[in-house]
Amino acid sequence: MPDPLVIAHLTDPHLPLGTPRIGDLMGKRALSYANWLRRRRRLHRPEIAAAIVADLKAAEPDAIAMTGDLVNFSLESEFQAGAAWLRDLGPPELVGVIPGNHEGLTRGFTQRMMRHWAPYLSGDDGRPGFPWLRRRGPVALIGLSSAVATPPLMASGRVGAEQCAALDRILETTGREGLCRVILVHHAPTEMSIWRKALRDRAALVDVIQARGAELILHGHTHRADLSWIDTRSGRVPVIGAPSASMTPLPGHDQGAWRRLAIERASNGWHLTLTERRVTRVGTLENGAALHFALPGGMDAGAALAPSAASP
Ligand SMILES: [Fe+2]
């Protein structure tokens, strides 16, 4: 049997890459900056993100998935500094990025983000935009954008009809190819967040996933080790959320971590072994328990809904 394909998942590092100037502090950005000064800057620490990145790089994964909220205020200066951070993380062929609600905090973010991160927001065709598609061995990585500028106090997301239609086509093609289809999206397409932070059109996204099938969904946004499911005709698809990659180990918060996802073919579908590498109070990294998942095996794997096959 060939070696498993290893994906490293990290999300929501909320790096301190830039400070808004007085003129930047309008509306939503002012609220976000106040929240940063009051709370977030003590929770999200760059030294923890650095330890996590060093550990991740030493593991030499086959692909790196970064599911958003690299920045805090959607400033041009943050995107510029974020590009250097991404280059340190790895080359664009290795690192696929999707934006979160903090990239999309204010209008015009797409242009600011694309100016600096385009190669990381692209598929194998080299064209920046969403959804992007990257084939890596037996795995199809599919990156969606749920980032949209929203009113103050809202952190909701939206994928939109155009991306849903493109995703439908990609899932069909890659499903026919027999690939393990892994969808990346910042906001969970399940009910993991309160309404003002939720994916507004998740029903439309779930419709596509149920119609075409998928094997795995990875998300960020909640800063928690989350697990939910979407039932499809070919089986239950795990929807897995990861903690922030910079969170200080404090009571009440999931400590900073990245996840190692090893995917290999199984007799009926795919087998996923998920190992969390989490930061300890002394700044080292340790393994969490390995979680094992039986992933669906494509649209031909079975017509009936299969029961959950996860085990701790
Ligand atoms: Fe976040």
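What share of the contacts in the chain with a separation of 6 or more is accounted for by residues 24 or more positions apart? The share is 68%, where contact means heavy atoms within 4.5 Å.

This is a predicted model, in which local features need pLDDT of at least 70, side-chain atom pairs count only at pLDDT 80 or more, and totals for chains, interfaces and linings use all residues. Residues are numbered from 1 along each chain as its sequence is written, and side-chain values use heavy atoms, with hydrogens and water left out.

**Exercise 1. The chain as a whole**

Task: describe the secondary structure, extent and surface of the chain.

Solution. 

Step 1. The chain has six helices and 13 strands. Helices (H or I, at least four residues) and strands (E, at least two) are DSSP runs, numbered from the N terminus.

Step 2. For 312 residues the globule rule gives 20 Å, and the radius of gyration of the chain, 18 Å, is close to that, so the chain is as compact as a globular protein of that length. The radius is taken over C-alpha atoms, and the rule is 2.2 Å times the number of residues to the power 0.38.

Step 3. The C-alpha trace spans about 60 × 45 × 35 Å along its principal axes.

Step 4. Of the 312 residues, 56% are buried. Buried means under 20% relative accessible area, exposed over 50%, and partly exposed in between (1.4 Å probe, protein chains only).

Step 5. The accessible surface comes to about 13,200 Å², and carbon and sulfur atoms hold 53% of it. Such areas come from the Shrake-Rupley method with a 1.4 Å probe; for residues, only the protein chains shown count as cover.

**Exercise 2. The iron site**

Task: find the donors of the iron ion and classify their arrangement.

Solution. 

Step 1. Asp12 (OD), His14 (NE2), Asp69 (OD) and His223 (NE2) coordinate the iron ion at 2.1 to 2.3 Å. Donors are N, O and S atoms within 2.8 Å of the metal (3.2 Å for Na, K and Ca); water is not among the atoms, so sites may look incomplete.

Step 2. Along the chain, the donors follow the spacing D-x1-H-x54-D-x153-H. His14 is in the loop between β1 (5-10) and α1 (27-43), and His223 is in the loop between β7 (216-219) and β8 (226-232), so this pair ties together parts that are 209 residues apart in sequence.

Step 3. The angles subtended by the four donor atoms run from 84 to 172 degrees, which makes the arrangement irregular. Four donors count as tetrahedral if all angles lie between 85 and 135 degrees; four count as square planar and six as octahedral if opposite donors are over 155 degrees apart and all others between 65 and 115; anything else is irregular.

Step 4. His14 and His223 are both buried.

**Exercise 3. Strand β1**

Solution. 

Step 1. Six of the six residues of β1 are buried.

Step 2. In a regular strand the side chains alternate between the two faces of the sheet. In β1, one side carries Leu5, Ile7 and His9 and the other Val6, Ala8 and Leu10, all of them buried.

Step 3. Five bridges join β1 to strand β10 (residues 257-266) in the antiparallel sense. Two strands pair if DSSP finds at least two bridges between them. The bridge partner of Ile7 in β10 is Leu261.

Step 4. β1 and strand β2 (residues 63-66) run parallel and are joined by four bridges. Ala8 stands opposite Ile64 in β2.

**Exercise 4. Backbone exceptions**

Solution. 

Step 1. Most residues other than glycine have a negative phi, and most peptide bonds are trans.

Step 2. From Phe130 to Pro131 the peptide bond is cis, with omega near -5 degrees. Pro131 is in the loop between α4 (109-117) and β4 (132-136).

Step 3. Ser74, not a glycine, has a positive phi of about 60 degrees. Ser74 is in the loop between β2 and α3 (76-89) and is buried, with a relative accessible area of 0%.

Step 4. Leu153, also not a glycine, has a positive phi of about 75 degrees. Leu153 is in the loop between β5 and α5 (161-176) and counts as exposed at 61% relative accessibility.
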